[in-house]
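Visitor: I am new to reading models like this one. Could you walk me through it?

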Amino acid sequence: MLPWEIQQKREIKEWSNRVVEFSEVEEYERNPKEISDSNARGLHASINKFGYVELIVWNERTGKLVDGHSTFKDLVNRGFNSAEMIVV
């Protein structure tokens with residue numbers, strides 16, 4: 001099978017943006033990416049400077065994070081209880 005044939009067989013999944021309460025969210029326990037304390041501080045500074053511009057991705061069916069674990073942790077540490085997310 002050629003790459004463009006694989007692309008043609010994929011379904012387009014619907015998604016939306018909405019505010020999600022953090023109480024609904026579970027971190028994906030097998031998230032392969034861990035960031036260092038230095039990088040976490042850099043992420044924190046970036047959010048301070050530019051705002052929350054790269055949305056977290058959350059799977060509504062499973063309740064698990066898909067992308068944005070470090071951003072999620074940063075927002076929780078700031079005391080937020082919800083955030084706009086891409087919901088798939």
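Guide: Start with two strands. Six bridges join β1 to strand β4 (residues 82-87), and the two run antiparallel. Helices (H or I, at least four residues) and strands (E, at least two) are DSSP runs, numbered from the N terminus. Two strands pair if DSSP finds at least two bridges between them. Within this pairing, Val19 stands opposite Glu84 in β4. The model is predicted: local features need pLDDT of at least 70, side-chain atom pairs count only at pLDDT 80 or more, and totals for chains, interfaces and linings use all residues. Residues are numbered from 1 along each chain as its sequence is written, and side-chain values use heavy atoms, leaving out hydrogens and water.

Visitor: What is the order of the four strands in the open sheet?

Guide: Strands of a sheet pair through backbone hydrogen bonds, either parallel or antiparallel. Here the order is β1-β4-β2-β3, with mixed pairing. β1 and β3 (65-67) stand at the edges with a single partner strand each, so one side of each has no neighbour in the sheet.

Visitor: How many aromatic pairs are there?

Guide: A pair of aromatic rings is described by the distance of the centres and the angle of the planes. Rings of Phe, Tyr and Trp (its six-membered ring) pair if their centres lie within 6.5 Å; planes under 30 degrees apart count as stacked, over 60 as edge-to-face and the rest as tilted. The count is one aromatic pair. The ring centres of Phe22 and Phe72 are 4.8 Å apart and their planes lie at 70°, so the pair is edge-to-face. Phe22 is in the loop between β1 (16-21) and α2 (37-50), and Phe72 is in helix α3 (residues 69-77), 50 residues apart.
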